[in-house]
Amino acid sequence: YHGGGRKLKQFVRSAHGPRSMQLLALSGGVKSQLPKRNSYLKQQQQKMIIPGNQMNQDARDKAIIETLWSTGLRRSELCALLAEDIDFLAGFVLVRTSKTGKPRIVPLSPAAKRAIRAHLQGRKTNSVFGITPNGVRLLLQRLDVPSAHAWRRGWAVHALRNGVSETSVRAAAGWSSGAMVARYTSALSGELAVEEFRRIWQ
């Protein structure tokens, strides 16, 4: 499994650039960088054929990373996902029970849909990832990448910075109050103000 683990580390550690580190710093700060998918996919296409069980493991781990970055799900929510909770056509996942005790839907990116499809290989029932919350924690530690909570923070900041409304971020995150989203908005407010004024001057 070591070869696959190294490739996943490279996938996650390949930075989008200085901006990704700024986003993480604003969201609370983590040591590792955000994933650059293109770099990883190129490596996957070029790698040698390896045993099927390892390929399946690589596909699952990549799907977990993509889902964390696409949805900002909590570890427990990620692990509770069932294959039937994913609507590939509409582009969202159903979180049946969140921290607030209420179900919610969370948008799913095209990259995450592709990764999950590759992992499921047509399976339409049972657990998506077949892993426990502690298993996710150990997986991320082994890959030396941010914790699930750090991905959640980065997801929120990335969404806000790219124009997703506070209401939508709050709904997708499953926050019962606006306190958390207000924290991220406050951290980004100066930078966003500069960009908005720059647009009207162009």
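Analyst: Trp 69 is buried, with a relative accessible area of 7%. Keep in mind that this is a predicted model.

User: How many aromatic pairs are there in the whole structure?

Analyst: The search finds two. One of them joins Trp 69 and Trp 151, edge-to-face, at 6.1 Å centre to centre and 65° between the planes.

User: Why edge-to-face?

Analyst: Because planes over 60 degrees apart count as edge-to-face, and here the angle is 65°.

User: Where do Trp 69 and Trp 151 lie?

Analyst: Trp 69 is in helix 4 (residues 52–71) and Trp 151 is in helix 8 (residues 148–161), so the pair ties together parts 82 residues apart in sequence.

User: And Trp 151, buried or exposed?

Analyst: Buried, at 0% relative accessibility.

User: Ok, what about Phe 197 and Trp 201?

Analyst: Phe 197 and Trp 201 form a tilted pair, 5.6 Å centre to centre with 40° between the planes. Both lie in helix 10 (residues 179–201), four residues apart, about one turn of the helix. Phe 197 is partly exposed at 45% relative accessible area, while Trp 201 is exposed at 67%.

User: Switching topic. Which residues of helix 7 are buried?

Analyst: In helix 7 (residues 133–142), the buried residues are Gly 135, Val 136, Leu 139 and Leu 140. They cover an arc of only 130° around the axis, so they sit on the same side of helix 7.

User: What comes just after helix 7?

Analyst: Asp 144, which takes a positive phi of about 60°.

How values were computed
Residues are numbered from 1 along each chain as its sequence is written. This is a predicted model: local features need pLDDT of at least 70, side-chain atom pairs count only at pLDDT 80 or more; totals for chains, interfaces and linings use all residues. Side-chain values use heavy atoms; hydrogens and water are left out. Rings of Phe, Tyr and Trp (its six-membered ring) pair if their centres lie within 6.5 Å; planes under 30 degrees apart count as stacked, over 60 as edge-to-face and the rest as tilted. Helices (H or I, at least four residues) and strands (E, at least two) are DSSP runs, numbered from the N terminus. Buried means under 20% relative accessible area, exposed over 50%, partly exposed in between (1.4 Å probe, protein chains only). The arc is that of the directions from the helix axis to the C-beta atoms.
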